Amino acid sequence: MDKTMADTLVRTGPGTLMGNVMRRYWVPVLQANEIAEPDCPPVKVQILGEKLLAFRDTEGKAALISEFCSHRGVSLYFGRNEENGIRCAYHGLKFDRDGNCVDVPSAPQACKAMGITAYPCMEMAGLVWAYMGPKDKMPAPPDVEWCTLPPSHVFVSKRLQECNYLQAMEGGIDTSHVSYVHRYEVDTDPMHQGTKALDYIKADGNVIFDIEKTPFGLTLFGRRNGDADTYYWRVTQYLFPWYTLIPPFGDHSLAGHVWVPIDDHSCWAWSINFRPDRPLSDEEMADLEAGKGIHCEYEAGSNQPGGTFRPKANKDNDYLMDRQAQKDKRAYSGVFGFAVQDSSLQESMGLIQNLSDEKLLPTDRAIVMARRMLLEAANALEQEQADPPALAADKQRVRAAGVLLPRDQDPQDWAAVHLADGKDQPVYTI
């Protein structure tokens, strides 16, 4: 890939082609409990390269505004959250949740000229979402399944990943790595253990892909040998521009991710487990809160409101790599925890991977197609030829699946019947 195309893919700040695309979607910004109460302390937020401030006003409404006062550029983080606005601690200017300046004590007549950037917010699935694009282009709220379930059915966490969003998200699209980096821990992790799918995954590391371009993004059909007359298909969904849905394992909860750029060198990895049909059990919740499955343990105190949400195992401590565990076949790479196993390898590529140096393989077809979709969307929007794909909420009603099919059955034909509107179907899993 040439440098111009690579730069388009990885740069998401204000005014960039990819940044313009991502700003057309609702963006998960922070957990709602980070601004739990009216007039609570504000929280610094950086999204798509913009330094912002989140708070909950006196009426209980979530807000996202520029971090900086329009007067002298002071951080409003040091301001007072009171009486439906943030008052700058330096000279007393006050801003409401819409970014309007509602008070300039020294020059009341200047209010109208002193407004700052503010983005519309809403709350779904325990998260605060913001729309950062043109006001007249705001889409409907997301209709990804986990966004629409009762709170008791969903667990969401976030963690800091210290690399560009693209190489992190591509790990979510690349399901062939499951046969390797996660190979040993799947047997003991409570979100995966005890399922027939693991036998197929470990027995056949030579996954073969069929990829289908869809109105919402891509459906990835990963084929492994099943029984004598079947193939085991893992059907992974990539929902444009940053959602991935993970094929389920047995009777364990469904799962997914959202990969959101903080800036060009870091991103939020949102991880979700959910049950469409029932609340998560106390045991499941305890495992998820302990960082099992696709979640993680955090550095002490980092998962508090306004914290870094940095994993306990990180690049500064070599991800707590245990070479003896690697030798003993307890951890394939010597790193424990699915989330950190992935992030350790993706962060090892550098803050921004040099895409021109990679030599791709047939198992990377989905990554190539996702990159092409992103580039096409960025160029089409720049040239005012088309809106980005999957803006309509009804394009997002899909589900991942794991299924055994006869060897002569086309998985795309099966998916057209059983996954066309996945939320109205049973969960297909092995």
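Modeller: Start with strands β3 (residues 50-56) and β4 (residues 62-66), which run antiparallel and are joined by 5 bridges. This is a predicted model, where local features need pLDDT of at least 70, side-chain atom pairs count only at pLDDT 80 or more, and totals for chains, interfaces and linings use all residues. Residues are numbered from 1 along each chain as its sequence is written, and side-chain values use heavy atoms, with hydrogens and water left out.

Strands (E, at least two residues) and helices (H or I, at least four) are DSSP runs, numbered from the N terminus. Two strands pair if DSSP finds at least two bridges between them. Arg 56 stands opposite Ala 62 in β4. Strands of a sheet pair through backbone hydrogen bonds.

Next, a loop. Asp 143 sits between β11 (127-131) and β12. Its relative accessibility is 12%, so Asp 143 counts as buried (under 20% relative accessible area; exposed is over 50%, partly exposed in between, with a 1.4 Å probe and protein chains only). Its side chain makes a polar contact of 2.3 Å with that of Arg 397. Such a contact is a pair of N or O atoms within 3.5 Å; within protein, one must be able to donate a hydrogen and the other to accept it, and residues adjacent in sequence count only if both atoms are side-chain atoms. Leaving out residues up to four places away in sequence, Asp 143 also touches others, including Thr 148, Ala 393 and Lys 423 (contact: heavy atoms within 4.5 Å).

Now helix α7 (residues 338-347). It is mostly covered, with 9 of its 10 residues buried. Among them are Phe 338, Val 340 and Asp 342. The cover over these buried residues includes β12 (154-161) and α3 (165-173).

β12 turns up again at the largest pocket. There, β12 gives the most to the lining, with 4 residues. Both β12 and α5 (282-289) supply at least two lining residues.
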